[in-house]
Amino acid sequence: QVPLVESGGGLVQAGGSLRLSCAASVRTFSTYVMGWFRQAPGKEREFVGAISGSGSSTTSTDSVKGRFTASRDNAKNTVYLQMNSLKPEDTAVYYCAASRFTDIFSMARNGPNKIDYWGQGTQVTVSS
């Protein structure tokens, strides 16, 4: 059973919105910090945002602040990434990630390290 499954990607025009979802089958979902990363062609995987286990704290990379918001529903074992005002440079494969051994700021600082589970990724394409 795949621990994390993303959905919600697609093609959108610049200025549009998408909401990504990540359904988790891990036990004790609320004990995991959940993060979102993205990887554009020819580039390294980069941190986008993270949310604490309770959902009370979030952080995001500067390039998406004010446009992207992470949220979670622990009753549904699901984390979301609401993406507004999308830009062509947001085009990438988006991955959700789960970690029990970090906090949201460490996840932002460490990047794609110390991650327990990765989703399979979902493509987001923003046309100009």
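Analyst: A charge sits over a ring if NZ of Lys or CZ of Arg is within 6 Å of the ring centre and within 35 degrees of the ring normal. This is a predicted model, where local features need pLDDT of at least 70, side-chain atom pairs count only at pLDDT 80 or more, and totals for chains, interfaces and linings use all residues. Residues are numbered from 1 along each chain as its sequence is written, and side-chain values use heavy atoms, with hydrogens and water left out.

User: What lies over the face of W118?

Analyst: R45 does, at 4.6 Å from the ring centre. The charged end of R100 sits over the ring of Y32, 5.5 Å from its centre.

User: Why are C22 and C96 called a disulfide?

Analyst: Two cysteine sulfur atoms must be within 2.5 Å. For C22 and C96, S to S is 2.0 Å. The torsion about their S-S bond is about 40°, so the disulfide is right-handed.

User: Why is the pair of F37 and W118 called edge-to-face?

Analyst: Ring centres of Phe, Tyr and Trp (its six-membered ring) must lie within 6.5 Å; planes under 30 degrees apart count as stacked, over 60 as edge-to-face and the rest as tilted. F37 and W118 have centres 5.1 Å apart and planes at 70°, so the pair is edge-to-face.

User: Is F37 buried or exposed?

Analyst: Buried means under 20% relative accessible area, exposed over 50%, partly exposed in between (1.4 Å probe, protein chains only). At 0%, F37 therefore counts as buried. W118, at 26%, counts as partly exposed.
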